[in-house]
Amino acid sequence: MPAGDTLHEACGVVGIYAPGNEVARHAYFGLYALQHRGQESAGIAVSDGATIVCHREMGLISSIFDEEILGNLTGYIAVGHTRYSTTGSSVVVNAQPLLEHADFGDVTVSHNGNLTNTGDLRSTLDAATVLQATSDSEVLAKAIVQAPGADMIARIRHVMGRAEGAYSIVMSTEKSLYAFRDPWGVRPLCYGRFPGGGYMFASESCALATVGAQYIRELDAGEIMWVDNDGLHYDKMAHHKPQALCMFEYIYFARPDSVLSGKSIYMARMAMGRQLAREHPVDADVVMAIPDSAIPGGIGYAQEAGLPYVEGLIKNRYIGRTFISPDQKMRARGVQLKFNPIVELLAGQRVVVVDDSIVRGTTTPRIVKLLRDAGAREVHVRITSPPIIHPCYLGVDMASHDELIAANFTIDEIREKIGADSLGYLSKEGLLDAIARKRGQMCMGCLTGEYPETYNGPAVLATAAR
Ligand code: SF4
């Protein structure tokens, strides 16, 4: 997806229980692997069995932690978080893990997702509760520590019965690590085991692989797992809901080397590209993709179409990290800051350019112009997702209905606006075929208007009000 027209994920979480292991260092590299899920702030909390110490700051993982800080985080339980804010502002008080002080001890919480009933949950908190942060995550964390129950599992179950929306959570007390997923499983969460002993939870399997933990499986929707002195334990919510994993994890969010529901993200994206080629063939000379997330889709399209795949654009991967703002003239040039075309590959060619989505439609016209300026004779845009026609309420910062180009214009009007010779989107059925999932197993709310109804009532789909 081109810069400036992006979907933003709500966060990445990790949790590690590994006596004798360097848990802070493992959490650091686990978060490093999840940096794509949030780049605003990050933190790691570590318990040595008696005290939880937490360090969190604004910025990228690499700029927040150094040897000295990691050296001060000693213990055998770690909880980590990297954040993109979808609720609450981008300030350090909203950075996670959150640290809560309760009468039974300290609790540290990392949350990926978005609650849809924060106000209701907040009204259940003690009247004297002071909220430091402005995010739904703090309300959730306080609700857990204030919940009735003889133990932490009872408290978690109590809150899971009341919280609505998307939440994949890793949290710890001084002595135990907990991980759980909302009853719909909207955001991912998996776990694995270290060969030498100990367990790790993470938003994506790529974080496990990075630190040498062996992937076991994803947590089921509504499942609670915890690790303590006696080992690993499981519990399930009594009422099950249809699975509603976010479709955009497959299309865009997850790293291509991650596995979701047993399916390689890379292979799923290639299959989307192949399906797209079957649905929207075109006479062309070369196929290219917008780097990085659309590359497997581009390769899949090229394979199916029997056309050569070329790297028509080279991405400057560090441009988003600069603190120097471009001046007005440079801003007008827009995408050249991020992408440079390889003229020798494009001049005189009929080019298929594959991308994973168009949100507002602000950047795609600049990409098309960039390719034409580089000499492309024809530019055919192919998108590996169906048109996004509704907003997301479940933790993805997308755009309002009025800003979504596909909610307001026909495909041909969009083609004209972006200046392409042709435009084709993958169908909803084609997308489901490509990942071998059925409608009703995924959240496709922004594509269909049918959202998982995340309250604890009947397990049905709710149609968005427009
Ligand atoms: S509405 Fe769209 S972006 Fe939001 S959770 Fe559902 S599929 Fe994902």
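1. The crossing of helices α5 and α6 is right-handed, a word used when the near helix is turned clockwise from the far one by less than a right angle, anticlockwise being left-handed. Helices here are DSSP runs of H or I with at least four residues, strands are runs of E with at least two, and both are numbered from the N terminus. The axes of α5 (residues 136-146) and α6 (residues 152-160) come within 8 Å and cross at roughly 130°; axes are lines fitted to C-alpha atoms, for helices over the stretch in contact, with angles running from 0 to 180 degrees between N-to-C directions. That makes α5 oblique to α6, since angles under 35 degrees count as roughly parallel, over 145 as roughly antiparallel, 65 to 115 as roughly perpendicular and the rest as oblique.

2. This is a predicted model, in which local features need pLDDT of at least 70 and side-chain atom pairs count only at pLDDT 80 or more, while totals for chains, interfaces and linings use all residues. Residues are numbered from 1 along each chain as its sequence is written.

3. Leu140, Ala143 and Ile144 of α5 meet Arg155, Ile156 and Val159 of α6, where contact requires C-beta atoms, placed from the backbone, to lie within 7 Å. By class, this contact has five nonpolar, no polar and one charged residues; Ala, Val, Leu, Ile, Met, Phe, Trp, Tyr, Cys and Pro count as nonpolar, Asp, Glu, Lys and Arg as charged, and the others, Gly among them, as polar.

4. For α9 (residues 265-279) and α10 (residues 295-305), the axes come within 6 Å and cross at roughly 45°, and the two helices are therefore oblique to each other. Their contact, which includes Tyr266 and Arg269 of α9 and Pro296 and Gly297 of α10, has 10 nonpolar, five polar and four charged residues.

5. Around the ligand stand Val186, Cys246, Met247, Phe248, Cys392, Leu394, Val396, Cys443, Met444, Gly445 and Cys446, a residue being near a molecule if its C-beta atom, placed from the backbone, lies within 6 Å of it. This shell has 10 nonpolar, one polar and no charged residues.

6. Most residues other than glycine have a negative phi, and most peptide bonds are trans. The bond joining Gln96 and Pro97 is cis, with omega about 10°, and the bond from Pro291 to Asp292 is also cis, with omega near 5°. Ser261 has a positive phi, near 50°.

7. The chain averages a pLDDT of 89, and 88% of the residues score at least 70; pLDDT is the predictor's confidence in each residue, from 0 to 100. Over residues 455-466, however, the pLDDT is below 50.

Note on methods: Two residues are in contact if their C-beta atoms, placed from the backbone, lie within 7 Å.
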